[in-house]
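Me: I've got a chain here that I've never looked at before. Could you walk me through it, one question at a time?

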Amino acid sequence: QDAYCLRCIPQVHGAAWDTLQFARGVFETELNSATDNPLVFEDAIVSGGNFHGAPLALALDYLAIAVCQLAGISERRTERLMNPTLNEGLPAFLASQPGIESGMMMAQVTAAALVAEMRVLASPASTGSIPTSGNQEDFVSMGMTSGLKLEQTVDLARMVIAIELLAAMRAMDLRGDTSTPALEEARRRFRRRVPAWEEDCVLSVWMEEAAKFLEEDGWRVQRAGQIAIEEAVR
């Protein structure tokens with residue numbers, strides 16, 4: 001059987017997608033809610049707490065956990081592409097000359113380090129209230145910290161997934177294989193920005209370019225893939 005990082009992609013990615021949808025619902029509710037204090041009605045002035053950031057803080061912490069999951073399973077797939085005992089005939093570390101060149105070994109090391117950092121960032125901030133304002137504001141959401149952590153987490157995850165994309169394209173080059181129409185379209189677009197290489201090179205340049213590709217062109221690739229699939233079905 002395939003390892004979990006391959007066999008359980010729909011379950012793990014699906015759970016992360018569900019988390020995103022949940023958070024979107026929370027954000028839409030809060031954005032459309034009255035958060036003034038006090039609330040002023042025609043016949044009453046009510047001191048309330050609709051401004052409290054707990055719904056947002058919890059959702060932001062939840063998102064950070066989900067993004068960490070996506071990056072963690074991505075790094076495991078990258079490792080399998082590098083490992084000659086698991087990569088089904090590919091050269092060790094996807095090097096052109098294994099044993100002489102290091103190939104993409106340090107890219108996987110980078111991905112592992114980023115995932116380790118993300119695990120720290122996935123620790124919730126919303127559980128750490130510190131009272132302020134003479135103990136009047138005695139239980140606060142810490143939502144800003146949750147948001148800042150999530151922003152860092154997304155940036156790190158983008159790089160981890162960019163490394164997997166870089167490794168996958170390198171593996172396809174080494175095999176000389178073609179794949180599905182959707183993946184070939186993604187490959188063509190990716191190679192416009194990140195060319196193939198033969199010998200050891202400075203990987204950080206291509207890692208950064210791959211991350212920019214995901215950030216700027218990812219949605220275009222997704223749409224192109226959908227069109228390719230529809231054409232193939234027809």
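Me: How many Å² does the accessible surface of the chain come to, and what share belongs to carbon and sulfur atoms?
Reply: Keep in mind that this is a predicted model. The accessible surface of the chain is about 13900 Å². Carbon and sulfur atoms make up part of that area, and their share is 57%.

Me: Which elements does the chain have, and in what order do they run?
Reply: The secondary structure amounts to seven helices and two strands. Starting at the N terminus, the order is α-α-β-β-α-α-α-α-α.

Me: Is the chain a compact globule or more spread out?
Reply: For 234 residues the globule rule gives 17 Å, and the radius of gyration here is 23 Å, well over that. The C-alpha atoms fill a box of roughly 75 × 45 × 35 Å along the principal axes. Since the radius of gyration is well over the rule, the chain counts, compared with a compact globule, as more spread out.

Me: What percentage of the residues count as buried?
Reply: A residue is buried when its relative accessible area is under 20%. Applied to the 234 residues of the chain, that gives 35%.

Me: What share of the contacts with a separation of 6 or more comes from residues 24 or more positions apart?
Reply: Here we look at contacts in the chain with a separation of 6 or more. Within that set, residues 24 or more positions apart account for 68%.

Me: How far apart do the centres of the positive and negative side chains lie?
Reply: There are 20 positive side chains and 32 negative ones.

Me: How many disulfides does the chain have?
Reply: A disulfide is a covalent bond between the sulfur atoms of two cysteines. To count here, the sulfurs have to be within 2.5 Å. The closest cysteine sulfur to that of C8 is in C5, at 8.9 Å, so that pair is too far for a bond. The count for the chain comes to zero.

Me: Is A23 buried or exposed?
Reply: A23 sits in helix α2, residues 9-31. Leaving out residues up to four places away in sequence, A23 touches A59 and L63. Its relative accessibility is 1%, so A23 counts as buried.

Me: How far is A23 from I130 in space?
Reply: Along the sequence, A23 and I130 are 107 residues apart. From C-alpha to C-alpha, the distance is 24 Å.

Me: Which residues is A125 in contact with, leaving aside its neighbours within four places in sequence?
Reply: A125 is in the loop between α4 (105-121) and α5 (143-175). It counts as buried because its relative accessibility is 11%. Its contacts beyond those neighbours are D61, S141, M142, T145, S146 and K149.

Me: What is the C-alpha distance between G147 and A125?
Reply: G147 belongs to helix α5, and at 24% relative accessibility it counts as partly exposed. G147 and A125 are 22 residues apart in sequence. Their C-alpha atoms are separated by 9.2 Å.

Me: How far apart in space are R189 and G218?
Reply: R189 is part of helix α6, residues 181-193, and it is partly exposed with a relative accessible area of 24%. In sequence, R189 and G218 are 29 residues apart. From C-alpha to C-alpha, the gap is 9.9 Å.

Terms used: Residues are numbered from 1 along each chain as its sequence is written. This is a predicted model: local features need pLDDT of at least 70, side-chain atom pairs count only at pLDDT 80 or more; totals for chains, interfaces and linings use all residues. Side-chain values use heavy atoms; hydrogens and water are left out. Helices (H or I, at least four residues) and strands (E, at least two) are DSSP runs, numbered from the N terminus. The radius of gyration is taken over C-alpha atoms; the globule rule is 2.2 Å times the number of residues to the power 0.38. Buried means under 20% relative accessible area, exposed over 50%, partly exposed in between (1.4 Å probe, protein chains only). Contact means heavy atoms within 4.5 Å. Accessible areas come from the Shrake-Rupley method with a 1.4 Å probe; for residues, only the protein chains shown count as cover. Lys and Arg count as positive and Asp and Glu as negative; His and the chain ends are not counted. The place of a charge is taken as NZ of Lys, CZ of Arg, CG of Asp or CD of Glu.
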